[in-house]
Amino acid sequence: MSRLAIMALLATVMSAGVSGSTLTGASDNSLDNFSDTAPDHAPENSSENAVDGLLKQWRAEAQRPFSASAGAAAWTRQFQGRSCADCHTDVVSAWGRHEKTGKRIEPLAPSVNPERLTEVAKINKWLRRNCKWTYSRECTVQEKGDILLWLREQ
Ligand code: HEC
């Protein structure tokens, strides 16, 4: 075999190798890895701790005790045709879809997505943005408390 033929053969083998490996792209099954065995105590950054802290902080300003059933009702309540369920759907254990951008949104329910409601800053940031989008104003502490109390049980 000539040197040229060997080089050509090598080039073919190498390019086949490269395209072969790009075909096996990692599939996004990160949700499959979530364990469904809950620890007996809440870890440092759990939804228990983050939500408990916020509820405690808001309680003094709220007009009545927080209510999970009020939170559930608020979830699908429409304001000028908009609701929280528009992007997150009314099944919070399912994937959502951004109403405007079409981007997929991971489930909000901590039972299937343990990263949810674990970071106070993230919760506050998104409640502010999403309440403004949905209701054209920020949510009251009552509304936020009711929703988080309900959402963390989902
Ligand atoms: C226009 C689409 C849209 C609407 C409507 C919407 N959200 Fe969201 N929400 C998002 C996006 C985008 C994120 C951030 C992306 C992500 O975390 O996956 C988010 C994140 C959140 C989070 C953060 C959870 C966490 O800890 O990770 C909470 C809580 C939340 N939304 C609550 C609400 C509530 C309550 C309403 C109704 C008042 C609402 N959302 C309406 C798009 C929306």
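Leaving aside its neighbours within four places in sequence, which residues is Leu-117 in contact with?

**View 1. The surroundings of Leu-117.** Apart from neighbours within four places in sequence, Leu-117 is in contact with Ser-47, Ala-50, Val-51, Pro-110, Ile-123, Leu-148, Leu-151 and Arg-152, where two residues count as in contact if their C-beta atoms, placed from the backbone, lie within 7 Å. The model is a predicted one, in which local features need pLDDT of at least 70 and side-chain atom pairs count only at pLDDT 80 or more, while totals for chains, interfaces and linings use all residues. Residues are numbered from 1 along each chain as its sequence is written.

**View 2. The protein chain as a whole.** The protein chain has six helices and two strands, which from the N terminus on run α-α-α-α-β-β-α-α; helices (H or I, at least four residues) and strands (E, at least two) are DSSP runs, numbered from the N terminus. Of its 154 residues, 19% count as buried, a residue being buried if 20 or more other C-beta atoms lie within 10 Å of its own, exposed if 12 or fewer, and partly exposed in between, with C-beta atoms placed from the backbone.

**View 3. The largest nonpolar core.** This core has 17 residues, of which Ala-50, Val-51, Leu-54, Leu-117, Ile-147, Leu-148 and Leu-151 touch the most other members; a nonpolar core is a set of buried Ala, Val, Leu, Ile, Met, Phe, Trp, Tyr and Cys residues joined through C-beta atoms within 7 Å. Helix H2 (47-59), H3 and H6 are the elements that give two or more residues to this core, and the largest share, five residues, comes from H6.

**View 4. The two sides of helix H3.** Within helix H3 (residues 68-76), the residues Gly-71, Ala-74 and Trp-75 are buried. They lie on the same side of H3 because they cover an arc of only 110° around the axis, the arc being that of the directions from the helix axis to the C-beta atoms. On the other side of H3, Ser-69 and Thr-76 are exposed, whereas the cover over the buried residues of H3 includes H4 and helix H6 (141-151).

**View 5. The shell around the ligand.** The ligand is surrounded by 21 residues, the closest being Cys-84, Cys-87, Trp-126, Asn-130 and Thr-134; a residue is near a molecule if its C-beta atom, placed from the backbone, lies within 6 Å of it. Helix H4 (85-88) and helix H5 (120-135) each supply at least two residues of this shell, and the largest share, eight residues, comes from H5.
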